[in-house]
Amino acid sequence: MKQELIGKGMCGDVYKAFNYRTKRKCALKCINLNLLEAKFSVQNANRHSLLSVVKNEVEALSILEHPNIVGLYDAFQVGNMYYICMELVRGFELNTLIPAGGMHEVLKRPAELTLSLVNIL
């Protein structure tokens, strides 16, 4: 059950929710497939392939286990909506890490960035 909007994206919203089956709080990402199609200029004939990309990413996330990667609980489609139920984590928005000068400022420090990525993995 959706409880509180905690984020917005280009094709949907993320809600703080409660999963009654598992009896735990979660993040519920609600992807509007019509918005996704429009954003990527996909015709109805290619909708299946676009949905396959989303499902492949969900499948990849489902096999990953790491403290720095959000856990996946469930994913399903209802009509024109695709739902991804994920671990609810506290934190901050990624854009707070991007300096005022933009990403090119970050890319000036490739060694530092590479070390950060290695530490995550």
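## A tour of the cores, strands and side-chain pairs

Begin by selecting Ile31, Leu33, Leu36, Tyr82 and Ile84, the residues with the most contacts inside the largest nonpolar core, which has 14 residues. A nonpolar core here is a set of buried Ala, Val, Leu, Ile, Met, Phe, Trp, Tyr and Cys residues joined through side-chain atoms within 4.5 Å; buried means under 20% relative accessible area, exposed over 50% and partly exposed in between, with a 1.4 Å probe and protein chains only. This is a predicted model, in which local features need pLDDT of at least 70 and side-chain atom pairs count only at pLDDT 80 or more, while totals for chains, interfaces and linings use all residues. Residues are numbered from 1 along each chain as its sequence is written, and side-chain values use heavy atoms, with hydrogens and water left out.

**The largest core**

Colour the elements that give two or more residues to this core, namely E3, helix H1 (33-39), helix H2 (47-63) and strand E5 (81-86). Helices (H or I, at least four residues) and strands (E, at least two) are DSSP runs, numbered from the N terminus. The largest share of the core, four residues, comes from H2. Now centre on Leu36, which touches Cys11, Ile31, Leu50 and Val54 when residues up to four places away in sequence are not counted, contact meaning heavy atoms within 4.5 Å.

**The second core and Ala27**

A second, separate core has seven residues, and Tyr15, Cys26, Leu28 and Cys85 are among them. Next select Ala27, which lies in strand E3 and is buried, with a relative accessible area of 6%. Leaving aside neighbours within four places in sequence, Ala27 is in contact with Val14, Tyr15, Ile84, Cys85, Met86, Glu87 and Leu88. If you draw a distance from Ala27 to Val14, C-alpha to C-alpha, the two are 6.5 Å apart in space and 13 residues apart in sequence.

**The paired strands**

Show the strands as a cartoon and start with E2 (residues 12-19) and E3 (residues 24-32), which run antiparallel and are joined by eight bridges; two strands pair if DSSP finds at least two bridges between them. Phe18 has Lys25 as its bridge partner in E3. E2 and E3 form a hairpin with four residues between them, and in the turn Lys23 has a positive phi of about 60°.

Move on to E3 and E5, which pair in the antiparallel sense over six bridges; here Ile31 has Tyr82 as its bridge partner in E5. Five of the six residues of E5 are buried, so this strand is largely enclosed by the rest of the structure. E5 is also joined to E4 by six bridges, again with the strands running antiparallel, and Ala75 stands opposite Ile84 in E5. E4 and E5 form a hairpin with two residues between them, where Gly79 in the turn has a positive phi of about 60°.

**Charged side chains**

Side chains of opposite charge can pair when their charged atoms come close. A search of the whole structure finds two salt bridges, each being a side-chain nitrogen of Lys or Arg within 4 Å of a carboxyl oxygen of Asp or Glu. Select Asp13 and Lys8, whose side chains meet in a salt bridge of 2.9 Å, N to O; Lys8 is exposed, with a relative accessible area of 65%.

Then select Asp74 and Arg21, which form a salt bridge with their closest N and O atoms 3.8 Å apart. This pair links distant parts of the chain, 53 residues apart, with Asp74 in strand E4 (residues 72-78) and Arg21 in the loop between E2 and E3. Asp74 is partly exposed at 30% relative accessible area, whereas Arg21, at 63%, counts as exposed.

Select Arg24 and Tyr73 as well: the charged end of Arg24 sits over the ring of Tyr73, 3.8 Å from its centre. A charge sits over a ring if NZ of Lys or CZ of Arg is within 6 Å of the ring centre and within 35 degrees of the ring normal.

**Aromatic pairs**

To finish, display the aromatic rings, among which the structure holds two pairs. In Phe18 and Tyr20 the ring centres are 5.0 Å apart and the planes at 70°, so the pair is edge-to-face. Phe18 is partly exposed at 24% relative accessibility, and Tyr20 is partly exposed at 49%. In Phe76 and Tyr83 the centres are 5.3 Å apart and the planes at 25°, so the pair is stacked. Phe76 counts as partly exposed at 35% relative accessibility, while Tyr83 counts as buried at 14%. Rings of Phe, Tyr and Trp (its six-membered ring) pair if their centres lie within 6.5 Å; planes under 30 degrees apart count as stacked, over 60 as edge-to-face and the rest as tilted.
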